[in-house]
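Hi,

Here is the structure I promised to pass on. Have a look at it first, and then read my notes below.

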Amino acid sequence: MSKRFIEDYCCDINNITDVITKLTSSYRLMVGGAEELNRIALAKKSDVKAAIKRVNKIGDIIDDYLKVLEDINLPYFEYCKLRSDYYKSRIKANFILEEIEEELVKKNSLK
C-alpha cells in the first residue's frame, strides 16, 4: 500500500465522518421540529406523522453511512496497527535512551 493510497483513504473517512456529523445535526433539528409541531394544538396529526417520517428517513441515511464507515475503518485500523508494529520493531531502546540523555543535558546546561 502506498502512502498516497492511505492518505486518500483517510480523506474518504474524514469526508464520510463530516457527512455523518451534518446529517446528525439535521436529524436533531428535525426531531426538535417534529416535537414542537406535536405540541401545537392546531397542528394536524398527519403533519406530525409526516415530520416523523422525514426524521426516520434521515435516521436511515445516517445508519447507512455508519455502516459504510464501520466497513472502511477496519482495514484502516489494521494498517495503523501494522505501521505501529513496524516502527516498534525498528526503534531501539538505546536510541531512545540516548535522546532522553541529550535532552536532559540540554536542559541542565540551560540552568
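Does E35 count as buried, partly exposed or exposed, and at what relative accessibility? E35 counts as partly exposed, because its relative accessibility is 38%. For these words, buried means under 20% relative accessible area, exposed means over 50%, and partly exposed is in between (1.4 Å probe, protein chains only). The areas themselves come from the Shrake-Rupley method with a 1.4 Å probe, and for residues only the protein chains shown count as cover.

Before the rest, some ground rules. This is a predicted model, where local features need pLDDT of at least 70, side-chain atom pairs count only at pLDDT 80 or more, and totals for chains, interfaces and linings use all residues. Residues are numbered from 1 along each chain as its sequence is written, and side-chain values use heavy atoms, with hydrogens and water left out.

How far can you trust it? The chain has a mean pLDDT (the predictor's confidence in each residue, from 0 to 100) of 86, and 95% of its residues reach 70 or more. Confidence is highest in α1, with a mean of 90, and lowest in α3, with a mean of 81. Helices here are DSSP runs (H or I, at least four residues), numbered from the N terminus.

Now for α1. This helix has 37 residues and spans 54 Å from its first C-alpha to its last, close to the 54 Å expected at 1.5 Å a residue. The expected span is 1.5 Å times one less than the number of residues. Among the buried residues of α1 are I6, Y9, I13 and L23, and the buried residues of this helix pack against α2.

I62 is buried, because its relative accessible area is 9%. Leaving aside its neighbours within four places in sequence, I62 is in contact (heavy atoms within 4.5 Å) with L23, T24 and Y27. I62 and L23 are 39 residues apart in sequence, yet 6.6 Å apart in space, C-alpha to C-alpha.

Next, the charged pairs. A search of the whole structure finds five salt bridges (a side-chain nitrogen of Lys or Arg within 4 Å of a carboxyl oxygen of Asp or Glu). Here are three of them:

- E35 pairs with R39, at 2.8 Å from N to O. The two are four residues apart in helix α1, so about one helical turn separates them. R39 is exposed, because its relative accessible area is 59%.
- R4 pairs with D8, and their closest N and O atoms are 3.7 Å apart. Both lie in helix α1 (residues 3–39), again four residues apart. R4 counts as exposed at 57% relative accessibility, while D8 is partly exposed at 35%.
- K67 pairs with D71, at 3.0 Å from N to O. Both lie in helix α2, four residues apart, about one turn of the helix.

Why does that spacing work? An α-helix has 3.6 residues a turn, so residues three or four places apart point the same way.

Last, the surface. Y86, Y87, I91, F95, I96, L97, I100 and L104 form a nonpolar patch with about 780 Å² of accessible area together. Both α2 (45–90) and α3 (93–110) give two or more residues to the patch, and the largest share, five residues, comes from α3. Patch residues have over 30% relative accessible area and no salt bridge; like charges are joined within 9 Å, and nonpolar side chains (Val, Leu, Ile, Met, Phe, Trp, Tyr) within 5 Å. One of the patch residues is L97, which counts as partly exposed at 46% relative accessibility.

Cheers
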